Amino acid sequence: MQTHFTLAQLADPDIAESNKILRACVHCGFCTATCPTYVLLGDELDSPRGRIYLIKDMLENERPATADVVKHVDRCLSCLACMTTCPSGVHYMHLVDHARAHVEKTYRRPLPDRLLRGLLATLLPNPALFRGALFLGWLARPLAPVFGALGLGPVAAMLRLSRRPRRSQLGAARVFAPEGPRRGRVALLSGCANDVLDPAINAATVRILTRHGIEVVIPQGEGCCGSLVHHMGREDEAHARARANVDAWTAEIEGGGLDAIVINASGCGTTVKDYGFMLRTDGAYAAKAARVSGLARDICEYLATLPLAEPARKGLVVAYHAACSLQHGQRIVRQPKDLLSKMGFTVKDVPEGHLCCGSAGTYNIVHADIALRLRDRKIARIEQLAPDVIAAGNIGCMTQIATGTAIPVVHPVELLDWATGGPKPAGLGEADRKNSGRDAAAGERQTSGLAVLQ
Ligand code: SF4
Ligand code: SF4
């Protein structure tokens, strides 16, 4: 694609980067076929190619964002299916991140939109506030249809997605000793949402790692990765969170040493792997951020490098939902499925697995209508498989899918932990009964819980 940025414009590193991305696009349109919003809405401007044109025009002409551009950029889920499809290697993620920051700087949203976004940006990255809000939402959940009927879709969506907040199963501990000789040392990103929505994920992560000889640390000062605010275009807030995490992990790298920074929410993983890019122009942080990004690993990516214990479970049929941030954002496709198969589970791919479930950070709140259509489409494809359980490597997808089906939804690490000696995932309920006959030892294992934790 031809671009016409001036030399003065190209002196801005963000413009220079977007120019490079735009010039890689050859307008072929292959990406439209796998874009969820184009598939649903059929409007070229809601396709990757259409958005690329809009962004190019806005940046090249140094125009403030218009309501129309904002509508189409906002509708993008940042699922990155277009990046997987694109034969020219167009880095759409960095382009749309730049566009969102430009929108945030140049466009004044209507008041309700500003209030909603401000509320989400304040509550979600802060576990204490999020916990309180979730509790209130859970109490008011029966009112969701009323708010929906009143046309207050985002409020209805927040209530529908609310669940009773849980207590962290890790307690105040920050270091978890390995069982047996130490084979490695990793930091775990405990995250902002995981421990409020489903603390069993972090607990299973710590158990399986320590059981296989890996010391796990949760460094002081680490917290929300910043992806939620990053995708809202709130660049300064996102960068501040990235710097805080880089500081926390750098202290650990230069102290006890780290083999990896393990992340079990793939949306966060995609962002942490991008810290090196996000902070590339910050002289004080660029090198440290690049080192952090280089150490970031999804939990299944990391477990695939370990010799795991012999599996104790076989037979459950698992529908594997590939989170977009994992399959498109990090290009991690095989590892979770291979690990689950190796552990004796029968793994089934979900048809149309490249399409987003509609979760996408805060998308299922701010664009509840499109998100619900994507959720229902995803669940219909999953239910065709008649699985015992659904496994997904991102808390956002897990929450989104669980609101629309009675099939249990768990994180793959919970199944892997169970198969290698941990307790049965609580969310599994009776799902393993029909395949069991092997549960004599399970009750004992369930009591083992977090005994290994310091
Ligand atoms: S990120 Fe997803 S929703 Fe956005 S343009 Fe690409 S494929 Fe479409
Ligand atoms: S597939 Fe890639 S090159 Fe083709 S239109 Fe889409 S972004 Fe451009």
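Strand 2 (residues 184-188) and strand 3 (residues 214-217) run parallel and are joined by four bridges; strands here are DSSP runs of E with at least two residues, helices are runs of H or I with at least four residues, and both are numbered from the N terminus. Two strands are taken to pair if DSSP finds at least two bridges between them. The model is a predicted one, in which local features need pLDDT of at least 70 and side-chain atom pairs count only at pLDDT 80 or more, while totals for chains, interfaces and linings use all residues. Residues are numbered from 1 along each chain as its sequence is written, and chains are lettered from A and ligands numbered from 1 in the order in which they are written.

Val 262 in turn stands opposite Arg 297 of strand 5, and strand 4 (residues 260-263) pairs with strand 5 in the parallel sense over three bridges. These strands belong to an open sheet of five strands in the order 1-3-2-4-5, whose pairing is mixed. At its edges are strand 1 (175-176) and strand 5 (296-298), each of which pairs on one side only.

A further open sheet consists of four strands in the order 7-6-8-9, with parallel pairing. Strand 7 (346-349) and strand 9 (409-410) are its edges; each has a single partner strand, so one side of each is left without a neighbour in the sheet. Strand 6 (residues 317-321) runs parallel to strand 8 (residues 389-392), and four bridges join the two. His 321 is placed opposite Ala 392 of strand 8. Helix 21 (residues 334-342) packs on this sheet and touches strand 6, strand 7 and strand 8; contact between two residues requires their C-beta atoms, placed from the backbone, to lie within 7 Å. The direction of helix 21 makes about 170 degrees with that of strand 6. Helix 24 (residues 395-402) also packs on the sheet, where it touches strand 6, strand 8 and strand 9, and its direction makes about 150 degrees with that of strand 8. Such angles run from 0 to 180 degrees between N-to-C directions, and axes are lines fitted to C-alpha atoms, for helices over the stretch in contact.

Two packed helices are described by the angle between their axes and the distance between the axes. Helix 4 packs against helix 5 (residues 67-75) at an angle of about 135 degrees, with the axes 10 Å apart. Helix 4 is therefore oblique to helix 5; angles under 35 degrees count as roughly parallel, over 145 as roughly antiparallel, 65 to 115 as roughly perpendicular and the rest as oblique. The crossing of helix 4 with helix 5 is left-handed, a term used if the near helix is turned anticlockwise from the far one by less than a right angle, with right-handed used if clockwise. Gly 50, Arg 51, Leu 54 and Met 58 of helix 4 make this contact with Val 69, His 72 and Val 73 of helix 5.

Helix 4 also packs with helix 7 (residues 92-106), at an angle of about 50 degrees and with the axes 11 Å apart. These two helices are therefore oblique to each other, and helix 4 passes helix 7 in a left-handed crossing. In this contact, Pro 48, Arg 51, Ile 52, Ile 55, Met 58 and Leu 59 of helix 4 meet Tyr 92, Leu 95, Val 96, Ala 99 and His 102 of helix 7.

Around ligand 1 there are 13 residues, of which Cys 35, Pro 48, Cys 76, Cys 79 and Cys 82 come nearest; a residue is near a molecule or strand if its C-beta atom, placed from the backbone, lies within 6 Å of it. Helix 3 (36-41), helix 4 (48-60) and helix 6 (81-85) each supply at least two residues of this shell. Of the 14 residues around ligand 2, those that come nearest are Cys 25, Cys 28, Cys 31, Cys 86 and Val 90. Helix 4 and helix 6 are the elements that give two or more residues to the shell around ligand 2.
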